[in-house]
Amino acid sequence: MEPEILPSETPAPVPEHRRSALIATISWFRDLFLSVLIAIVVILFLYQPVKVEGTSMMPALVDQERIFINKFSYRFGITEINRSDTVVFWFPGDPTKSYIKRVIGVPGDKVEVIQGTVWVNGRMLDEPYVPEEYRDIVSTPLTTVPAGEYFVLGDHRSSSNDSRSWGTVPRSFIYGKAVFVYWPLERLGLLK
């Protein structure tokens, strides 16, 4: 018996609509992957959304407000931490907690609070961000801010746990600058 010769089998062509659906699906997954990767890079290195918990930074920031912090500029030394910056840092007393406060004294400054009035390097600090009703009459002795550390205060002085109570914040604990309020929408905008 002679071997039977079969006609060569060629695969059936894939219909055009199935090919375009496959390409669209692959493109969608590629775009999703890239979007997630970009979001991870932005959150880890550039900007991070955070929720404000507490009233110590009122009226600039209110409880439950959502903000973006810039982690990039301080991490890579692009900008210096300056007096009046609103910074986010690990609380020196418990580094598992984050705090947000305003920088009052930078390394080398001499800071003193006399009956609620802040003095830096012998001059009264102008603080238009602290309304009269949020001031207190607490006094703290003259403190020289050590190298690599910062003196921070909350804007709502009568309800703030800050450098008056626990001292200065090491530079290595500061990981971001508050820059933008995104929720609630009526407070949307750059932080002052």
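Here is a short chat about the chain in this predicted model and about one of its residues, Arg 102.

Visitor: What makes you say the chain is more spread out than a compact globule?

Guide: The chain has 3 helices and 12 strands. Its radius of gyration is 28 Å, while the globule rule gives 16 Å for 192 residues. That's well over the rule, so the chain counts as more spread out than a compact globule. The C-alpha trace spans about 115 × 35 × 25 Å along its principal axes.

Visitor: How much of the chain is buried?

Guide: Buried residues come to 34% of the 192. As for the accessible surface, it is about 12,200 Å², and carbon and sulfur atoms account for 62% of that.

Visitor: Where does Arg 102 sit, and why is it called buried or exposed?

Guide: You'll find Arg 102 in strand β4, which covers residues 98–105. Its relative accessibility is 3%, and buried means under 20%, so Arg 102 counts as buried.

Visitor: What makes the pairing of Arg 102 with Asp 155 a polar contact?

Guide: The two side chains meet at 2.7 Å, and the cut-off for a pair of N or O atoms is within 3.5 Å, so the pair qualifies.

Visitor: Which other residues does Arg 102 touch?

Guide: Leaving aside residues up to four places away in sequence, the list includes Met 57, Ala 60, Tyr 129, Phe 151 and Lys 192.

Visitor: And how are the charges set out over the chain?

Guide: There are 20 positive and 22 negative side chains, with the centres of the two sets 5 Å apart.

Key
Residues numbered from 1 in each chain as written. Predicted model: local features only at pLDDT ≥ 70, side-chain atom pairs only at ≥ 80, totals over all residues. Heavy atoms only, no water. Helix = DSSP H or I, 4+ residues; strand = E, 2+ residues; numbered from the N terminus. Rg over C-alpha atoms; globule rule 2.2 N^0.38 Å. Buried < 20%, exposed > 50% of the residue type's maximum accessible area, 1.4 Å probe, protein only. Areas by Shrake-Rupley, 256 points an atom, 1.4 Å probe, with all protein chains shown as cover. Lys, Arg positive; Asp, Glu negative; His and termini not counted. Charge placed at Lys NZ, Arg CZ, Asp CG, Glu CD. Polar contact = N/O pair within 3.5 Å; in protein donor to acceptor, adjacent residues only side chain to side chain. Contact = heavy atoms within 4.5 Å.
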